[in-house]
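Visitor: I'd like to go through this model with you. Can we start with the overall picture and then pick out some details?

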Amino acid sequence: MTQDTSPVSTRREGAVAVLTLNSGPVNALGAALREGIRGAVAAASDDPSVRAIVLIGGGRMFSAGADIAEFGRPQSGISLPDLLNRIEATGKPVVAAIHGNALGGGLETALACHYRVAVPSAKVGLPEVKLGILPGAGGTQRLPRVVGPRKALEVIVGGSPIGAEAAAAMGLVDELAPEEGLLAHAVAFAERVVAEGRPLTRIRDRDDRIAEGRDDPGLFEAFRQENARKTRGFEAPEACIASVEAACRLPFEQGLAFEREQFLKLVSGTQSAAQRHVFFAERQTAKIPDVPEDTPARPVRRVGVIGAGTMGGGIAMNFLNAGIPVTIVEMKREALERGLRTIRTNYENTARKGRLRPEDVETRMGLLTDTLELEALAECDLVIEAVYEDMAIKKEIFSRLDRIAKPGAILASNTSYLDIDAIAGMTSRPGDVIGMHFFSPANVMRLLEVVRGAKTGKDVIATAMQTGRKVGKIAVLVGVCHGFVGNRMLAQRQREANRLILEGVTPWDVDRVIHEFGLPMGPFTMSDLAGLDIGWSPESNRSESVRDLLCEQDRRGQKTSAGFYDYDAKRRATPSRVTEEIIARVAERQGVARRPASDQEILERCLYPMINEGAKILEEGKAIRASDIDIVWINGYGWPVYRGGPMFWADTIGLPKVLERLRAYQAEYGDDFEPAALLERLAGEGKGFKDL
Ligand code: CAA
């Protein structure tokens, strides 16, 4: 019997009913699929000729879990927890047959089955924490009963999927099936269970593995402390830990009720709304209205990188990691050798930490060709220039590249501020020129701003975006303007932070407020890390700004063990009296009135102008959508995911409130705070950036 219209189809293999889930690309457990499973399980259960049931995913995977788009909407149909309780209560063995992914509610469904078989390539996990929630369909109660509280905490609070072999080793999967024969294996397994009269193992009845959580309650506190840094600011991890603790302490039904209560609290909160927004926003970045997804991309078989400094080396590593050969060019032999050494050391350090096999270090280095000749780039399909941020040098390089690069090669600049159109104008092929702005450290940070010039070809855009994704980046398309999206907004924060310290707020207070908000570091810690002398030299020094005076005293940041802060041998920062005196001197010279500011004012003055700048960026069409700006800030600057990015955050505050504060600061500090027309319009219409 096949029901083509239902998201679940049922067919028979002898006495085994095979239920196949067929709902969209990922078998998200929306209302229709839940109802389909309920009906199909009930029918198989009532059919006396059926002795066992196999649940399997059609298409790419078993299931990616609950339908995330349903959260925050009124529920229809049977709830997932109720459905799973019914599956578990079925009087015939139910076997989950897993391929692709069984994530979140997908794994919870498998845990409600009596047995689980999986192909070795399958991945299972409970990633809900990444959406600001917890596994809300029994996952926090069933998983510890199978794998013990310690492993359950790792899986649930970590949120990363694990491979089927590891899952089998911890007892989460009962048997591995051959890669190509999952269904046949699962059916045979179910027949064996029936033939041997094996009991229906209901995980809710197991107690052996959770005893550890009762005998050693300190393990939860230890886990909290070990993970404090990673979970800072997030609400969901604590709810996950408390729920696993409840699984060990309470009878199953009470544990389920505890989990439900936590789930409902989280799913209706702002953090989860923010994290769900980020999930969909990440996937939106790939969608470019006038560059459809089927735009043919150019092949990228060899990449050239100009400059073997920190940026060039980091950029090259991305491609080497993905198995793409790289030719790296420097002007001087010493600089080239230093660059190569840094790349090798980076790989060796990763190998030492066990995150790379020693032989892979050599494989990756083997893909790297080094040269002092720009002419060696003639065979590259994509060339990325990553030299010093100087327009004259960049123009010179691009006019030479124009003569060297083969026809059809993409010529990219890693500039973080400069005008891509001016650079493209130096070539006879501006359609092939694009910006690919990586963020430091370029081999680690996930963001790639792809900068579209006035004449950049659509296939060139498609290629840059796809290449970025291929090397593990989140690529966001932006337009040409000073600093593009990320640095243009950062400049707003930097200006206000500098003004605040002249008014008497200490740099440490500015940094503390920004850190407490959830960013990894405040503006002055960031400046110290980057180096205060970027763009400063004794010749250009005017002894005017705080930075000038710090650099004059050789306080150039962490690298000189002194900048805004003093640093000890272990690079621990302490507030500096010297810096405070310098600030006071500059403030006096400039006649800035010193006055206290509340933490709230510090936060607003640093972050509201960023929102305002984001609105201007949208007005000018330099970003496609507000959520793209959020993705830039989350992945390039560590904006806390649980606040959803600056534009999402603005919506949670309410645009009328943001507008009112900007106007108040404008009255006091002038037009740096002049509200963007878009912000005024949206606030006036009672809308948010989400409504654009
Ligand atoms: N709900 C709704 N839509 C989903 C979804 C889900 N759980 N998972 C994926 N999708 C959508 C994506 O948004 C995407 O849609 P578009 O094509 O319109 O952009 C489409 O399905 C394909 O997804 P990907 O592009 O991400 O495909 P992929 O092959 O790269 O990755 C995946 C597949 C690893 C499963 C990935 O989609 C993923 O991680 N999904 C989310 C998994 C998850 O977090 N599950 C937990 C859900 S919450 C839950 O289950 C709560 C509970 O306890 C009851």
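This is a predicted model: local features need pLDDT of at least 70, side-chain atom pairs count only at pLDDT 80 or more; totals for chains, interfaces and linings use all residues.

Visitor: Fine. How many helices and strands does the protein have?

Guide: The secondary structure comes to 29 helices and 19 strands. The radius of gyration is 29 Å, close to the 26 Å that the globule rule gives for 692 residues, so the protein is as compact as a globular protein of that length.

Visitor: What box do the C-alpha atoms fill?

Guide: Roughly 90 × 60 × 55 Å, along the principal axes.

Visitor: And what share of the residues counts as buried?

Guide: Of the 692 residues, 54% count as buried.

Visitor: What about contacts between residues at least 6 apart in sequence: what percentage join residues at least 24 apart?

Guide: That share is 72%.

Visitor: On to the hairpin. Which strands make it?

Guide: β1 and β2, with 2 residues between them. Strand β1 covers residues 8-13 and β2 covers 16-21. Their pairing is antiparallel and runs over 6 bridges. One of the bridge pairs joins R11 to V18 in β2.

Visitor: Which residue in the turn has a positive phi?

Guide: G14, with a phi of about 60°.

Visitor: Now the sheet with β5 in it. What is the strand order?

Guide: The order is β5-β7-β8, in an open sheet of 3 strands with mixed pairing. β5 (101-103) and β8 (162-163) are the edge strands, each pairing on one side only.

Visitor: Parallel or antiparallel for β7 and β8?

Guide: Antiparallel, over 2 bridges, with β7 spanning residues 123-125. K123 has G163 in β8 as its bridge partner.

Visitor: Which helix packs on that sheet?

Guide: Helix α3, residues 105-112, which touches β5 and β7. The direction of α3 makes about 90° with that of β5.

Conventions:
Residues are numbered from 1 along each chain as its sequence is written. Side-chain values use heavy atoms; hydrogens and water are left out. Two strands pair if DSSP finds at least two bridges between them. Helices (H or I, at least four residues) and strands (E, at least two) are DSSP runs, numbered from the N terminus. Contact means heavy atoms within 4.5 Å. Axes are lines fitted to C-alpha atoms, for helices over the stretch in contact, and angles run from 0 to 180 degrees between N-to-C directions. The radius of gyration is taken over C-alpha atoms; the globule rule is 2.2 Å times the number of residues to the power 0.38. Buried means under 20% relative accessible area, exposed over 50%, partly exposed in between (1.4 Å probe, protein chains only).
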